[in-house]
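Student: I have the sequence and the structure open and would like to go through them by question and answer. Please define terms as they come up.

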Amino acid sequence: MRGPDQLSSARASTSSPASCQSLHGSSRRQQRPGRAAQPCIRAAATMEAGEDIREQAKHRAPLDKSHLFGARYIPFRSISHNKPTQEQYSLDEVVYRSEDGGLLDVQHDIEALQNYGPEYWKALFDSRTGRTAWPFGSGVWSKKEWVLPDISDEHIVSMFEGNSNLFWAERFGREQLGMSDLWVKQCGNSHTGSFKDLGMTVLVSQVNRLRKTQPNLVQAVGCASTGDTSAALAAYCAWAGIPAIVFLPANKISMAQLVQPIANGAMVLSIDTDFDGCMNLIKDVTASSPIYLANSMNSLRLEGQKTAAIEICQQFDWEVPDWVIIPGGNLGNIYAFYKGFKMCRDLGLISRMPRMVCAQAQNANPLYQAYKNGWDKFKPVKAQTTFASAIQIGDPVSIERAILALEATDGIVEEASEEELMDASARGDLTGMFNCPHTGVALAALIKLRENGTIGPTDRTVVVSTAHGLKFTQSKTAYHSKEIPDMSCGYANQPVQVKENLGDVMDAIRKRYQI
Ligand SMILES: Cc1ncc(COP(=O)(O)O)c(C=O)c1O
Ligand SMILES: N[C@@H](CCOP(=O)(O)O)C(=O)O
């Protein structure tokens, strides 16, 4: 079968990748899907003097992909209730809700994508990984046809996010849990230090396109945030020169998170409320002004975030893990992962879905409570203070999306107390990780599910790490200093004070290591 890159890349149109020396001078010969061919996306061999990689991409791929693949908004309920719908919106419209006030979802032309077959997509994605060809150096845009097929490369706003490593948690698994196949997907090892970059590149790219093609439609982009969405929004908008406004709950986010949008020049509103209060405000503001909503209520974000699930499959050579454990707050990400795995399965790249686990802090656990009540009694809660401050959310916008993802994957919801999440985070760190507290929540859920036998010793399990531990040094420092009231901080590692004296130094070392 031939794929989209061949369709308009003349010199890439022979079936051998070796023949793909340069993609300059396309003859735009149209071909139909047919026999299998190796995809070739290699950038032009030579760059014109003064060209940058974005300009180079214009020569490489002057594709009109819109006739091949498309995507649009449809009501989420038509998916959850499995009912066809006439209601749909172009991605070039500013719309966040369906006619009945429900969530939207981005629907792709799955049949058109199916024309190219699983081997085509695997080879195409593999060929793009680890390169600098614009925009495929990004782990999100290397899956462009599955994300935002219609956007032109020159409108994309990317910092080559994604392609995060899968950390083999060999020692943590073996020594602490008796597990042989445990992995941590390091989504927090990213430009702004959280998985939000994956969604924000898509949303800000679409905003950039709207601003270029429909002047005055979008004058700024805004979000409510517990610290990570705001950091990502501010950075991507700064890169593209788009005004950003972030609503933060006063005194409820870490100092490192607060300084990110400040440094990137966003307008930072510190509001005397919690995240849910900020979310209500930003919904009202974006409904009545040319300020575009950047929270995951906007389903564009999830199109980028879902690529982390596709990457996990790719990193395992298209084998599916048995379990994927994800910390949940506003609950967009669990659905994004579900979408990524489902797309891989619907397009034949994998043969089954993993079981998904959503992990919540006990102090902010509305999903856990709904799960325990058989789903039909969801009630928002007033979220209490938690070290996992980025998931201190009591009224998650994507509750329906999360329930669909969990029901469809025979999923589980677990919770973690403050002590459990801090201990789990510290235990992981002692085996070489450097976790944020939210990853601590996911690790605590793993520990519980392993201890009660739900997760078996050889089950391939992926814990999704959602932010970089360096954003949360205040809570780590408090733990290791044993300064947290009512917490034993059983895995604390305290610095040893010694005089500048060889004898004292050696005594201290001997005491610890018996050397
Ligand atoms: C670090 C971190 N982990 C986990 C989450 C939860 O993601 P979601 O809101 O998509 O459930 C968030 C944000 O809510 C976050 O910032
Ligand atoms: N943790 C999030 C909360 C908002 O989530 P979103 O995915 O809906 O933007 C944050 O960092 O702000």
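Student: In which sense do strand E9 and strand E10 pair?

Tutor: This is a predicted model, in which local features need pLDDT of at least 70 and side-chain atom pairs count only at pLDDT 80 or more, while totals for chains, interfaces and linings use all residues. Residues are numbered from 1 along each chain as its sequence is written, chains are lettered from A and ligands numbered from 1 in the order in which they are written, and side-chain values use heavy atoms, with hydrogens and water left out. Strands (E, at least two residues) and helices (H or I, at least four) are DSSP runs numbered from the N terminus, and two strands pair if DSSP finds at least two bridges between them. Strand E9 (residues 323–327) and strand E10 (residues 355–361) have 5 bridges, and the sense of their pairing is parallel.

Student: Which residue of E10 is the bridge partner of Trp323, and which residue of E12?

Tutor: E9 is also joined to E12, by 3 bridges, and these two run parallel. Trp323 has a bridge partner in each of the two strands: in E10 it is Arg355, and in E12 it is Thr461.

Student: What is the order of the strands in the open sheet of 6 strands, and which stand at its edges?

Tutor: The order is E3-E4-E12-E9-E10-E11, with mixed pairing. An edge strand has a single partner strand, so one side of it is left without a neighbour in the sheet. The strands at the edges are E3 (166–168) and E11 (412–416).

Student: How many residues of strand E12 are buried?

Tutor: Buried means under 20% relative accessible area, exposed means over 50%, and partly exposed lies in between (1.4 Å probe, protein chains only). In E12 (residues 461–465), Thr461, Val463 and Ser465 point one way and Val462 and Val464 the other, and all are buried. The count for E12 is therefore 5 of 5.

Student: Which residue stands opposite Val462 of E12?

Tutor: Strand E4 (residues 182–186) pairs with E12 in the parallel sense over 5 bridges. The residue opposite Val462 is Trp183.

Student: Which strands stand at the edges of the open sheet of 4 strands?

Tutor: Its order is E7-E6-E5-E8, and the pairing is parallel. Each edge strand has a single partner, so one side of each has no neighbour in the sheet. The edge strands are E7 (267–271) and E8 (291–293).

Student: Why is E5 largely enclosed by the rest of the structure?

Tutor: On one side of E5 are Ala220, Gly222 and Ala224, and on the other Val221 and Cys223. Both faces are covered. E5 is largely enclosed because its buried residues number 5 of 5.

Student: Is Lys196 buried or exposed?

Tutor: An unreviewed UniProt entry annotates Lys196 as "modified residue: N6-(pyridoxal phosphate)lysine"; such annotations may be inferred rather than shown by experiment, and UniProt positions are given in the numbering used here, with feature names shortened. Lys196 is found in helix H8 (residues 196–213). Not counting residues up to four places away in sequence, it touches Asp228, Thr229, Ala232 and Arg301, where contact means heavy atoms within 4.5 Å. Its relative accessible area is 17%, so Lys196 is buried.

Student: What is the angle between the planes of Tyr116 and Tyr120?

Tutor: Rings of Phe, Tyr and Trp (its six-membered ring) pair if their centres lie within 6.5 Å; planes under 30 degrees apart count as stacked, over 60 as edge-to-face and the rest as tilted. Both Tyr116 and Tyr120 are buried. Their centres are 5.6 Å apart, and the pair is tilted, with an angle of 50°.
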